[in-house]
Amino acid sequence: MTTITYTSREEIEVHKFSALATVGIPLLAIFFQVYVSSRFSFLKLFDIPLLVTIFFAVSRRNQLAGMLTGCAIGLTQDAMTHLPIGIYGIAKTIIGFGASSIGVKVDVENPGSRFLMVFFFTFLHDALYFIVRRQLLAIPSDWRTLHEAGAALANGLLAVVLFALLDRTKKR
Amino acid sequence: MLLGLLMAQVIVLASQVRRPVASTGESMSLVRLWIVEIFVPAEKAFNSVGDGISSVWHNYIDLRHVRAQNHDLQEQVDRLRLEQVSLAEDAGQARRLQALLAFKEKFISQTVAAQVIGTSGSEHSHLLYIDKGSGDGIKPDMPVITPKGIVGKIAKVFPGTSQVLEINDATAGAGVMLERTRLRGVLHGTPSGIPEILHVMVDEKIEPGDAVVSSGGDQIYPRGLPIGVVSTTTPDPEGGPFMVVKVKPAADLERVEEVLVITKVIDKSPEAPEGPRALRAADILAQRLPTVVPRAPAKGEEPPPTSVLYAKKPASTTAALGAPKSSSSQTGTPSAASAQTPKPKPAVKPAETENVTPKPAQVEPTPPQPVLQQTTPVTDQPTLETPR
């Protein structure tokens with residue numbers, strides 16, 4: 001039986017996904033975000049495309065793949081807003097890179113580590129979004145620390161459940 | 001790697017290429033156009049399925065308490081009818097005054113009903129997608145409302161859908177007016193989604209609950225549409241001479257399902273209301289002057305002008321105004337009996353009575369009634385509320 005440790009890069013399992021899952025899951029996540037949140041506005045607190053970005057990045061453990069996944073999902077999300085295309089794109093590209101880098105070094109199968117990782121990345125994503133929007137584009141923005149912390153907490157909890165479901169789409 | 005690079009190049013290319021939308025002439029990013037066109041059909045499909053299920057539920061299953069509700073609604077209708085009567089009086093008076101002043105007003109003449117099919121999905125972008133696009137006559141900057149109040153304006157138009165920028169978005173704004181104090185200002189959305197009125201001096205008397213309506217100054221929203229109510233007023237946190245007036249939107253922007261897009265607004269001078277009118281000074285004078293009953297027009301002859309309106313009524317006939325009309329007078333055809341009536345004589349100058357609908361004399365013997373109200377259209381001369 002193979003024992004996987006967290007210290008050796010070569011021993012960490014790299015997962016692959018079918019083309020359908022690679023394209024379909026991000027599209028489904030964005031569709032859910034734009035459609036369901038029109039019925040239940042509190043769901044805007046969650047960022048399901050971000051969770052999908054993190055999941056694919058840490059599962060593939062490939063920085064280029066993580067970046068491209070984050071970029072594609074972010075740009076698609078940008079296109080659904082009225083703001084310039086690229087704000088979510090930049091934020092999610094960086095998150096994709098960071099998550100894939102972390103995935104190489106840390107156990108990302110454990111629910112606890114998943115929660116902490118998503119909590120941290122959600123906070124970072126919102127901070128990046130805020131910086132790009134306010135500093136680069138000068139669009140009025142507020143940084144509400146408590147609100148962002150609450151959103152990070154909610155996304156962390158959702159990630160534990162969602163990642164468990166998405167694990168089933170991994171190729172064995 | 002190669003695919004990734006190609007993909008990146010295509011995205012960069014597409015983000016720079018802009019395609020004009022045929023109906024609006026506005027340029028549109030290809031990336032945005034493609035992505036919206038991918039998601040909108042799915043949203044519409046889900047929406048129609050959801051509506052179908054909802055319709056089955058509402059039309060067949062959830063019909064309990066309908067009788068009681070109907071009874072309550074009937075009572076409400078009765079109550080509203082009473083209110084309507086008093087409001088109609090006020091409105092009539094306002095229209096008469098506006099007509100006197102040649103006041104021009106913008107009237108909503110055409111709207112398109114649309115259903116909300118999605119949002120931006122982001123907390124940072126208060127945006128709705130509706131199921132009507134350029135094919136339905138929607139254009140950028142058209143106002144979007146609900147019966148409760150303003151929702152926002154059209155931001156971008158696609159062939160089958162449109163983006164609605166809500167008034168509470170940080171990039172949105174509107175010209176507003178406080179209904180009670182008539183104070184004008186500019187409403188701006190905020191990142192938190194609570195719109196504020198900017199640049200209001202601290203010494204202005206504004207109270208929570210004051211109604212805020214559109215002022216029409218922005219050339220987008222017609223004047224007088226409800227926007228919301230003042231929720232709080234706080235002094236400027238930076239100690240400036242202004243205060244922050246937060247507004248609670250009248251329309252529930254978090255739960256909008258159906259909206260109306262105002263596609264046509266016309267400038268129109270309000271007309272004085274039809275129907276009963278106040279007595280004019282000339283009428284009173286005419287009643288005091290000795291007059292004869294007007295002559296009924298012979299066959300093929302035009303009826304006499306307006307003298308009948310001001311003729312003193314003989315005891316045997318009712319000379320027109322305020323009295324119940326006979327069938328012949330309603331159709332304007334003089335009856336045989338009317339031909340036997342004495343010839344009329346104008347009691348007032350023609351200039352005072354031009355444009356008045358000619359009316360033949362009525363001969364049915366009815367008890368004399370006081371002439372208090374006119375039932376036929378008259379000129380737009382100023383009326384006097386109190387006779388001199």
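Analyst: Val176(B) stands opposite Gly185(B) in strand S9(B). The model is predicted, so local features need pLDDT of at least 70 and side-chain atom pairs count only at pLDDT 80 or more, while totals for chains, interfaces and linings use all residues. Residues are numbered from 1 along each chain as its sequence is written, and chains are lettered from A and ligands numbered from 1 in the order in which they are written.

User: How many bridges link S9(B) to S10(B), and which residue in S10(B) is the bridge partner of His188(B)?

Analyst: S9(B) pairs with strand S10 (residues 196-201) of chain B over three bridges, in the antiparallel sense, and the partner of His188(B) is Glu196(B). Strand S12 (residues 226-235) and strand S13 (residues 242-249) of chain B are also antiparallel, with seven bridges, and here Pro235(B) is bridged to Met243(B) in S13(B).

User: In what order do the strands of chain B close into a barrel?

Analyst: The barrel has six strands, in the order S8-S9-S10-S13-S12-S11, with antiparallel pairing. From one strand to the next the twist averages 40 degrees.

User: Why are H2(A) and H6(A) called oblique?

Analyst: Axes are lines fitted to C-alpha atoms, for helices over the stretch in contact, and angles run from 0 to 180 degrees between N-to-C directions. Helix H2 (residues 48-60) and helix H6 (residues 145-166) of chain A pack at about 55 degrees, with axes 10 Å apart. Angles under 35 degrees count as roughly parallel, over 145 as roughly antiparallel, 65 to 115 as roughly perpendicular and the rest as oblique; H2(A) and H6(A) are therefore oblique to each other.

User: Which residues of H2(A) and H6(A) make the contact?

Analyst: Two residues are in contact if their C-beta atoms, placed from the backbone, lie within 7 Å. On H2(A) the residues are Leu50(A), Leu51(A) and Phe55(A), and on H6(A) they include Leu158(A), Leu162(A) and Phe163(A). By class there are eight nonpolar, one polar and no charged residues (Ala, Val, Leu, Ile, Met, Phe, Trp, Tyr, Cys and Pro count as nonpolar, Asp, Glu, Lys and Arg as charged, and the others, Gly among them, as polar).

User: Why is Glu254(B) called partly exposed?

Analyst: A residue is buried if 20 or more other C-beta atoms lie within 10 Å of its own, exposed if 12 or fewer, and partly exposed in between. Glu254(B) has 17 such atoms, and is therefore partly exposed. Glu254(B) lies in the loop between S13 and strand S14 (258-268) of chain B.

User: How many residues of chain A are in contact with chain B?

Analyst: In chain A 24 residues are in contact with 31 residues of chain B. Helix H1 (19-39) and helix H3 (63-79) are the elements giving two or more residues to the chain A side, which divides into twelve nonpolar, nine polar and three charged residues.

Definitions and conventions:
Helices (H or I, at least four residues) and strands (E, at least two) are DSSP runs, numbered from the N terminus. Two strands pair if DSSP finds at least two bridges between them.
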